[in-house]
Amino acid sequence: MIDFKGPYTLLINGVSRSAAGDLAVVNPATGDVFAHCPAAAGAELDAAVAAARAAFPTWKALGFAARADRIRQFAAVLRANQEPLAQLLTQEQGKPIGQARDEIGRAASQSEGLAQISIEPEVLQDDAERYIELQYFPLGVVGVITPWNAPINLAAGPLTGALYTGNCVVLKPSPYTPLCTLRIGELLRDIFPAGVVNVLAGGDALGGLMTAHPGIDKISFTGSVATGKKVMASAAGTLKRITLELGGNDAAIVLEDVDVKAVAAKLFFAATVNSGQVCMAIKRIYAHESIFEPLCEALAAEARKPVLGAGQDPATQLGPIQNRAQYERVRGLVEDTRRSGARVLAGSEQPDEKGYFVSPMVVAEPDEHGRLVVEEQFGPLIPVMKFTAVDDAIRRANDTRYGLCASVWSRDVARATAIAQQLEVGTAWVNQHRATSATVPFGGAKESGVGRVYSALGLKSNMEPRVISVLR
Ligand code: NAD
């Protein structure tokens, strides 16, 4: 039997600690508080940063191979604790238990994958006149700030990327989902030397203190566009390096030659997994006029299938929205859409339960300038729009301040690829959506982010380039 109640502790300088502050954590399937954990403030942050700075010279000197070894140990421990962590993740985040297990497994494999990438110096010139080499050295202390939709997976990438490249870390989860991250801190304590990793739960104000802290050299932030802008402004005070992984409003463009039923099932899953609370979920569908009605019908049929419920129940396919504020926002979008007179094909009836449940909603041809299409819904709501000329679909897909990902669906892969190349996004997929890996850069164009995570490109964002130039 897993004791969800705790106690939970912060990790500072290799020691598990409590704090004067307290966070109450709610199970979104019931709306009830089920646990409390310590909330750090300025004093705990100062202690964590000092510990990280003190640990940095030794950790940096250890070299990639020895650091990779620790990261592999971390991945192994994540796997060994997959079931209790998944149960806790479902309790605090809400997602179905199978998806929680996948999240832990994915965090382990992404961490291992990152620690296999080699970062070598690049020789830029080697002739009779000069030898010039480009090297990379670690920045120092990286502050990792994570959101509530996939707290483990979104911590693992930035955390292990920073550690592998020789940095020390202060990690702060969302106040809505701090518990798994604190448990992971306990696991990290036994693997990494004191001070190399510090884990602090806390509210939004703690994030603000981190972005302004003079002892932190870089912020790796995953969260909303609005907060990302605050992070960038605050980090400017100390010219911190930043990586911002922000929101999206991913379009899927569906051409006339697809197998409608098969594609509808894939689109529906990519739009509603984790109840749509995924940065790279499909949030707008543009369908060719010749398949528009059958695709809408097939999506509506998909929307009537999933079993809604608490994530702990193995029968559940769609869990609740993670927190009350987001639930009220999504329900507001549902009400707005209903009032607009748009054609609601599924989801017009919404559950009236104690938890934060929203039924999947499929809407045909809503106002394209309305909130449902323009905003990142972050809920299981799918607007479907019609196009005649593909150039028009591309223009409408690009007509947004977001630029995270998009996808094109067609039997004609060459044509779909040519369309993908015109999309203003960090990732454009063909006949798939949401496929990522440790070796492929991920991040947003436009207001969806700054920089990339994963791959050598992402790893190097935790390092400073240094040119060595020798006159011969
Ligand atoms: P959020 O921006 O509200 O919060 C994210 C984190 O920032 C939390 O830990 C929060 O405490 C902290 N924070 C809040 N105010 C801060 C401040 N002023 N300074 C520093 N930190 C602060 O985001 P959220 O609601 O938790 O997450 C949902 C958003 O995250 C969505 O927009 C989603 O698309 C985005 N997201 C992006 C990616 C990606 O990889 N691009 C992945 C997952 C989620």
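Predicted model: local features only at pLDDT ≥ 70, side-chain atom pairs only at ≥ 80, totals over all residues.
Residues are numbered from 1 along each chain as its sequence is written, and side-chain values use heavy atoms, with hydrogens and water left out.

A search of the whole structure finds three cavities of 30 Å³ or more, a cavity being a set of points, on a 1 Å grid over the protein atoms alone, where a 1.4 Å probe fits but cannot get out. Grid points are joined across faces, edges and corners, and a volume is the space filled by probe spheres set on the points. The largest cavity has a volume of about 80 Å³, and of the 14 residues that line it (those with an atom within 4 Å of a point), P158, V453, Y454, G458 and N462 are the closest to its centre. At least two lining residues are supplied by each of α5 (151-164), β10 (218-222) and α15 (455-460), where helices (H or I, at least four residues) and strands (E, at least two) are DSSP runs numbered from the N terminus. The largest share of this lining, three residues, comes from α5. By class, the lining of the largest cavity has five nonpolar, seven polar and two charged residues; Ala, Val, Leu, Ile, Met, Phe, Trp, Tyr, Cys and Pro count as nonpolar, Asp, Glu, Lys and Arg as charged, and the others, Gly among them, as polar.

The second largest cavity holds about 70 Å³ of space and is lined by 15 residues, of which R284, A397, T400, C405 and V425 lie nearest its centre. Its lining divides into seven nonpolar, four polar and four charged residues.

P38 is placed in strand β4 (residues 32-39) and counts as buried because its relative accessibility is 8%, buried meaning under 20% relative accessible area with a 1.4 Å probe and protein chains only. P38 and L23 are 15 residues apart in sequence, with their C-alpha atoms 6.1 Å apart in space.

Around the ligand there are 29 residues, the closest being T146, D204, S224, L246 and E376, each residue counted as near if one of its heavy atoms lies within 4 Å. An N or O atom in the side chain of D204 is 2.7 Å from an oxygen atom of the ligand, and a polar side-chain atom of S224 lies 2.7 Å from an oxygen atom of the ligand.

Terms used:
1 Å grid on protein atoms, 1.4 Å probe; cavity = no way out; pocket = protein on both sides within 12 Å on 5 of 7 lines; lining within 4 Å. Buried < 20%, exposed > 50% of the residue type's maximum accessible area, 1.4 Å probe, protein only. Polar contact = N/O pair within 3.5 Å; in protein donor to acceptor, adjacent residues only side chain to side chain.
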